[in-house]
Amino acid sequence: MALSGGADDGEPMIAMNMTPLIDVLLVLLIMFIITIPVATHSVNIDLPPPNPDPSDNNIDPIKNKVVLTENDEILWNGEVVDAGRLRSNLEASLRLQPEPELQFEPASQASYDLSARVLQLIKGVGVTKFGFVGNEQYRTFGTGGPAVGAGGGTQ
């Protein structure tokens, strides 16, 4: 009993048998899938070490606040200062133990250039306890800034 893929006239078979080729490709595909590393969806965050002495938590830490106004003024705890005075205040606060927290709050219409310069100054001094405050006023879209009328201009 003879099996033939074509005519039974003794001519060589023209069609190639694709079954072994497909089997090899499927085996290779499975091998590649197995060797792909498992994707992890974790974000590594460096958390502070636990405080061994919880009695320190009862002490209110010192907080300094830097506010930038719409008039390009820098306020240090409510007092108008220039960049040089801000630098000296930051350097003085770094000498305190423990280091006071520095809170940064730019007004909604404060100059972006002034904000960038003050942030660069804070970074250059070496402040490590830093935080942005006042962001909750922008929780709802359209609040905190000037109202925009139907014509696109400010009211």
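Mentor: A residue counts as buried under 20% relative accessible area, as exposed over 50%, and as partly exposed in between, with a 1.4 Å probe and protein chains only. This is a predicted model, in which local features need pLDDT of at least 70 and side-chain atom pairs count only at pLDDT 80 or more, while totals for chains, interfaces and linings use all residues. Residues are numbered from 1 along each chain as its sequence is written, and side-chain values use heavy atoms, with hydrogens and water left out.

Trainee: In what order do the elements of the protein chain run from the N terminus?
Mentor: Helices (H or I, at least four residues) and strands (E, at least two) are DSSP runs, numbered from the N terminus. The protein chain has three helices and five strands. Their order from the N terminus is α-β-β-β-α-β-α-β.

Trainee: What share of the residues in the protein chain is buried?
Mentor: The protein chain has 155 residues. Of these, the buried share is 19%.

Trainee: At roughly what angle do the axes of helix 2 and helix 3 cross?
Mentor: Axes are lines fitted to C-alpha atoms, for helices over the stretch in contact, and angles run from 0 to 180 degrees between N-to-C directions. Helix 2 spans residues 83-94 and helix 3 spans residues 112-125. Their axes come within 10 Å, and the crossing angle is roughly 35 degrees.

Trainee: How many charged residues are in the contact of helix 2 with helix 3?
Mentor: Ala, Val, Leu, Ile, Met, Phe, Trp, Tyr, Cys and Pro count as nonpolar, Asp, Glu, Lys and Arg as charged, and the others, Gly among them, as polar. By this classification the contact of helix 2 with helix 3 has eight nonpolar residues and no polar ones. The number of charged residues is two.

Trainee: Why is the pair of F104 and F130 given its class, and what is that class?
Mentor: Rings of Phe, Tyr and Trp (its six-membered ring) pair if their centres lie within 6.5 Å; planes under 30 degrees apart count as stacked, over 60 as edge-to-face and the rest as tilted. The count of aromatic pairs by this rule is three. The ring centres of F104 and F130 are 6.0 Å apart and the planes lie at 35 degrees, so the pair is tilted.

Trainee: Is F104 buried or exposed?
Mentor: F104 is in strand 4 (residues 101-106), whereas F130 is in strand 5 (residues 130-132), 26 residues apart. F130 has a relative accessible area of 32% and is partly exposed. With a relative accessible area of 1%, F104 is buried.

Trainee: What kind of aromatic pair do F104 and F132 form?
Mentor: F132, at 47% relative accessibility, counts as partly exposed. The ring centres of F104 and F132 are 5.6 Å apart, and with 80 degrees between the planes, the pair is edge-to-face.

Trainee: Which residues does S115 touch, leaving out residues up to four places away in sequence?
Mentor: S115 is in helix 3. Its relative accessibility is 11%, so S115 counts as buried. Residues up to four places away are not counted, and the residues touched by S115 are L68, F104 and P106.

Trainee: What is the relative accessibility of T69?
Mentor: T69 lies in the loop between strand 1 (63-68) and strand 2 (74-76). Not counting residues up to four places away in sequence, T69 touches L75, A107 and A110. T69 counts as buried because its relative accessibility is 12%.

Methods:
Contact means heavy atoms within 4.5 Å.
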